[in-house]
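Please look through the sequence and the structure shown here, and keep both at hand while reading the report that follows.

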Amino acid sequence: MRPIQMVDTKTQYLKIKEQVDEGIQRVLDSAAYINGSPVKDFASKLSSYLNVKHVITCGNGTDALQIAMMALGLEPGDEVITPSFTYVATTEVVALLKLQPVFVEVDKETFNIDPAAIEAAITPKTKAIVPVHLYGQAANMEEIMAIAQRHNLFVIEDNAQAIGCNYTLADGTVKKAGTIGTIGTTSFYPSKNLGAYGDGGAIFTNDDALAEKLQMIANHGQKVRYYHEMVGCNSRLDSIQAAVLNVKLDHLDQYIAARQKAAAFYDAAFKGSDKITVPKTASFTDHVYHQYTVILNDVDRDGLSKYLASRQIPSMIYYPVPAHRQRMFSDFGGSNYNLPVTDWLTERVISLPMHTELDEEQLQYISDQLLQFVQQ
Ligand SMILES: *Cc1c(COP(=O)(O)O)cnc(C)c1O
């Protein structure tokens with residue numbers, strides 16, 4: 001059996017090596033390391049794939065969130081509603097910009113932000129909602145957009161984990177996750193579903209004026225070189241990463257299908273077990289399985305992860321500490337929150353190996369070993 005990894009980017013690379021190496025070589029030959037033609041090509045290819053009017057590339061997914069919040073003109077003290085059960089980047093940029101993060105609960109079955117909790121957390125200071133499409137399925141965007149409309153709020157979709165995920169609106173229209181809110185953001189960190197071989201990120205919007213502002217902010221607040229109209233930052237996707245992404249975007253749907261196939265294998269294997277609750281997908285969204293995360297019922301989680309590790313099976317806890325319990329947010333009132341669902345999930349989730357290169361022998365071995373431990 002091939003060694004099992006949480007993410008296997010090397011095996012995936014070897015299958016597209018020729019195209020990727022050629023793309024990188026072209027950048028080296030052109031010497032256009034920054035803003036070369038692969039960057040423009042990628043932005044335009046991604047905007048067609050997502051069916052969104054504007055794609056602005058940037059340095060990483062955290063910058064993408066920061067630039068989005070800067071472009072919306074939020075003022076210090078403005079409240080931004082986000083889940084506490086997420087990767088730190090989502091909430092960190094809120095604090096970095098001196099905005100006030102307001103942490104709300106997630107749904108116990110989908111791990112995504114609970115629309116009812118959003119509505120309950122709105123105050124006159126609320127300016128934006130940042131749903132995170134956690135683990136690869138979209139949050140309830142239609143309800144979130146309705147709430148945003150009622151209260152005149154911006155919506156920034158943190159789509160770092162769900163690129164390519166399809167969302168079906170009540171009228172049957174299908175949209176890509178990240179293109180429904182005011183702005184969507186994503187990350188091309190190597191382990192993400194569309195991963196570069198270094199850092200990268202992007203911002204999406206259908207709003208022309210916002211797109212122009214996002215582009216300017218990502219480039220030192222300038223439209224014309226050396227004429228800086230606003231305070232921005234320096235955040236770029238480099239040409240080599242864009243060349244890699246241009247190749248990988250052509251394979252994204254096939255990569256998603258491979259992840260879904262692995263997830264279906266796990267689902268079937270764990271179906272009979274009352275110790276393992278497999279991930280549930282909401283009716284309005286696909287699941288692109290950035291992670292395959294289960295809930296353990298009455299299982300010693302530390303013991304399980306040690307047992308798996310001793311059998312050369314990696315596993316991860318995403319995430320061991322929710323935002324409201326991070327010391328980072330102690331000055332933002334983090335400890336005042338009572339989020340029982342978030343805490344409950346934090347203590348029980350475990351993520352299993354999930355990537356495009358898992359074969360049936362590996363999946364069978366992982367499932368067998370996991371069941372062996374929980375049923376003992
Ligand atoms: C990965 C990730 C980010 C940040 O992306 P980077 O490219 O690492 O900065 C933000 N939000 C979520 C939910 C992520 O998973």
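Which residue forms a salt bridge with lysine 15, and how many Å apart are the closest N and O atoms? In this predicted model, the partner of lysine 15 is glutamate 357, and the closest N and O atoms of the two residues lie 2.5 Å apart.

The domain assignment of the chain gives domain 1, made of residues 9–104 + 111–249, and domain 2, made of residues 252–375. The centres of the two domains, taken over C-alpha atoms, are separated by 24 Å. Where domain 1 and domain 2 meet, 41 residues of domain 1 are in contact with 34 residues of domain 2, and the two domains bury about 3300 Å² between them, with 59% of this area on carbon and sulfur atoms. Phe103, Tyr135 and Asn193 supply 22% of the area that domain 1 buries against domain 2, which is more than any other three residues supply.

Between domain 1 and domain 2 the count is 1 salt bridge, while 22 residue pairs are found in polar contact across the interface, both residues of each pair being at pLDDT 80 or more. On the side of domain 1 that touches domain 2, at least two residues each come from helix 1 (9–30), helix 4 (88–96), strand 3 (100–104), strand 6 (166–168) and helix 8 (239–249). Of the elements on this side of domain 1, strand 3 gives the most, with 5 residues.

## Strand 1 and its partner

Strand 1 covers residues 54–58, and because 4 of its 5 residues are buried, this strand is largely enclosed by the rest of the structure. Strand 1 pairs with strand 9 (residues 201–205) in the antiparallel sense, over 5 bridges. Within this pairing, isoleucine 56 has isoleucine 203 of strand 9 as its bridge partner.

## Helix 7 and its surroundings

Which residues are buried in helix 7? In this helix, which spans residues 208–218, the buried residues are Leu210, Ala211, Leu214, Met216, Ile217 and Ala218. The buried residues of helix 7 pack against strand 1 and strand 9, and also against helix 3 (61–71), strand 8 (183–187) and strand 10 (222–224).

The two ends of helix 7 can be described in turn. At its start, a side-chain oxygen of aspartate 207 reaches to within 3.0 Å of the backbone nitrogen of alanine 209, and just after the helix, histidine 220 takes a positive phi of about 55°.

Notes. Residues are numbered from 1 along each chain as its sequence is written. This is a predicted model: local features need pLDDT of at least 70, side-chain atom pairs count only at pLDDT 80 or more; totals for chains, interfaces and linings use all residues. Side-chain values use heavy atoms; hydrogens and water are left out. Buried means under 20% relative accessible area, exposed over 50%, partly exposed in between (1.4 Å probe, protein chains only). Two strands pair if DSSP finds at least two bridges between them. Domain bounds come from an automatic or database domain assignment. Contact means heavy atoms within 4.5 Å. Buried area is the accessible area (1.4 Å probe) that two parts lose on being put together, summed over both. A salt bridge is a side-chain nitrogen of Lys or Arg within 4 Å of a carboxyl oxygen of Asp or Glu. A polar contact is a pair of N or O atoms within 3.5 Å; within protein, one must be able to donate a hydrogen and the other to accept it, and residues adjacent in sequence count only if both atoms are side-chain atoms.
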